[in-house]
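I opened this entry to log what I looked up in one model.

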Amino acid sequence: MHLSDMDSATIAVWGGEETPLAFGAAQVPIVQSAPFAYPDEDSWMDAALHRSDGHIYSRNTNPTVHVFEEKMRLLEGGEAATSFSSGMAAISNSLFALLRPGQRVVSIRDSYGGTSKLFLDFLPGMGIDVTLVETSDADALDAAIAAGCDLVYLETPTNPTLKILDLARATATARKAGAITIVDNTFSTPINQRPLHLGADLVVHSATKFLGGHDDALGGALIGRADLVRRVFEYREITGATLAAFPAYMLLRGLKTLSLRVKRQNQTAFSISHMLREHPAVTQVFYPGLEDHPGHAVAARQMAGFGGVLSFAVNGDFNAVKRVLDGLKLVHRAASLGSVNTLAGPPATTSHVECTAEQRAELGIPEGLIRYSCGVEDPADLMDDLNSALAKV
Ligand SMILES: *Cc1c(COP(=O)(O)O)cnc(C)c1O
């Protein structure tokens, strides 16, 4: 049996690690070298012209980084993969490399805050036409794509209200329109969702979140069609938004436990969302695993697990949010998600820090909202912590 046919848990451990590793190491070494040295001009030339395997300069490729890329390629089931210094580097380099002035992008209003900034500010400034549709309106998305576009950019579940898009439906519409589809799979990870299997051309990741999983390294990845990944890779070689060997090593270390962590976080978020729904101080819970969530049926079809992130609105204004966050002992108040530590925060300082209060209101984000990213702690301890914090509302 081929590694690519095995379970994600196995790929996460063994994927991309061609043995023997340098010096007989049992784990991927950090190759902390900017250029690579060759014994003679001929072997150097062969590597430079890709006639033989070999690295030339770490802005372009590096052995440690290459293992990360290959592991991600196998996990998402794509033809090719490349990597970046952060998730936003992955997203911005992909969009800038693949789009030309006069072309049209269709996306959703609930993209990650940094991505929204690209759509609302930087891309229009470069003469690229951007249409953002209401995220939960699948008919409007179909219509906007069918009206003619070059690139469709999607994210599901979305930040911070966990809206769900039907990926198979949107990618089919995009294909008919002759558009490339990119999906940000940061929230789901390949353990819960594989967009390439649902018709997407490319998947982007912030590896900073669940993939690394320990809040100690920034990184990004792009996986999918080889011709498109190549174009973005050539652009990134020049922008220099390269993943360095040390964070690549940290991400590789984190990836080994990806399946264990994500499955635990799925279960914890599922239990907590059901508990919060019954709590008198909570007015709304946003989690696709809840049967009355508007995207539940689609999520159940396209996801293997509903994810480790949920949001809930507390009864009250921003002061109530502050009281709850102050009362939580088992969280970091931090602008990230997908860590082994539970993290919580309001959209104003996490996903939508780039937006004004009016823009958040327009996106339907309640001011009483708290995003809660489950860590790998004992679920009963997290529930006790939430109950005592909510008693303060
Ligand atoms: C965090 C995040 C990003 C940006 O990633 P960075 O690594 O912080 O640059 C993009 N998309 C989503 C969904 C994210 O959560």
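I count two strands as paired if DSSP finds at least two bridges between them. The model is predicted.

**Entry 1: the five-stranded sheet.** With that rule I traced an open sheet of 5 strands, in the order β8-β9-β12-β11-β10. Its pairing is mixed. I then looked for the edges. They are β8 (282-286) and β10 (332-333), and each pairs on one side only.

I checked one pair in detail. Strand β11 (residues 343-345) runs antiparallel to strand β12 (residues 369-373), with 3 bridges between them. I looked up G345 and found its bridge partner in β12, R371.

Next I asked which strands helix α13 (residues 318-327) touches. Helix α13 packs on the sheet and touches β9, β10, β11 and β12. Its direction makes about 25° with that of β12. I also noted helix α11 (residues 258-277), which lies across β8, β9 (309-314) and β12. Helix α11 runs at about 15° to β9.

**Entry 2: the seven-stranded sheet.** I found another open sheet, with 7 strands in the order β1-β7-β6-β5-β4-β2-β3. The pairing here is mixed too. β1 (80-84) and β3 (129-133) each have a single partner strand, so one side of each has no neighbour in the sheet. From one strand to the next, the twist averages 20°.

V183 has V203 of β6 as its bridge partner. Helix α5 (residues 113-125) packs on this sheet, where it touches β2 (104-108), β3 and β4 (151-155). I read about 150° between the directions of helix α5 and β3.

**Entry 3: the ligand.** Which residues come nearest to the ligand? There are 14 residues around it, and G87, M88, D184, T208 and K209 come nearest. By class, I listed 5 nonpolar, 6 polar and 3 charged residues in the shell. Helix α4 (residues 87-98) gives the largest share, 3 residues.

I then went through the polar atom pairs. A backbone N or O atom of M88 lies 2.8 Å from a ligand oxygen atom. D184 places a polar side-chain atom 2.7 Å from a ligand nitrogen atom. In the side chain of K209, an N or O atom is 2.7 Å from an oxygen atom of the ligand. Last, I checked cover: on its own the ligand has 380 Å² of accessible area, and the protein covers 93% of it.

Technical notes
Residues numbered from 1 in each chain as written. Predicted model: local features only at pLDDT ≥ 70, side-chain atom pairs only at ≥ 80, totals over all residues. Heavy atoms only, no water. Near = heavy atom within 4 Å. Polar contact = N/O pair within 3.5 Å; in protein donor to acceptor, adjacent residues only side chain to side chain. Areas by Shrake-Rupley, 256 points an atom, 1.4 Å probe, with all protein chains shown as cover. Helix = DSSP H or I, 4+ residues; strand = E, 2+ residues; numbered from the N terminus. Nonpolar A, V, L, I, M, F, W, Y, C, P; charged D, E, K, R; others polar. Contact = heavy atoms within 4.5 Å. Axes fitted to C-alpha atoms, helices over the stretch in contact; angles between N-to-C directions.
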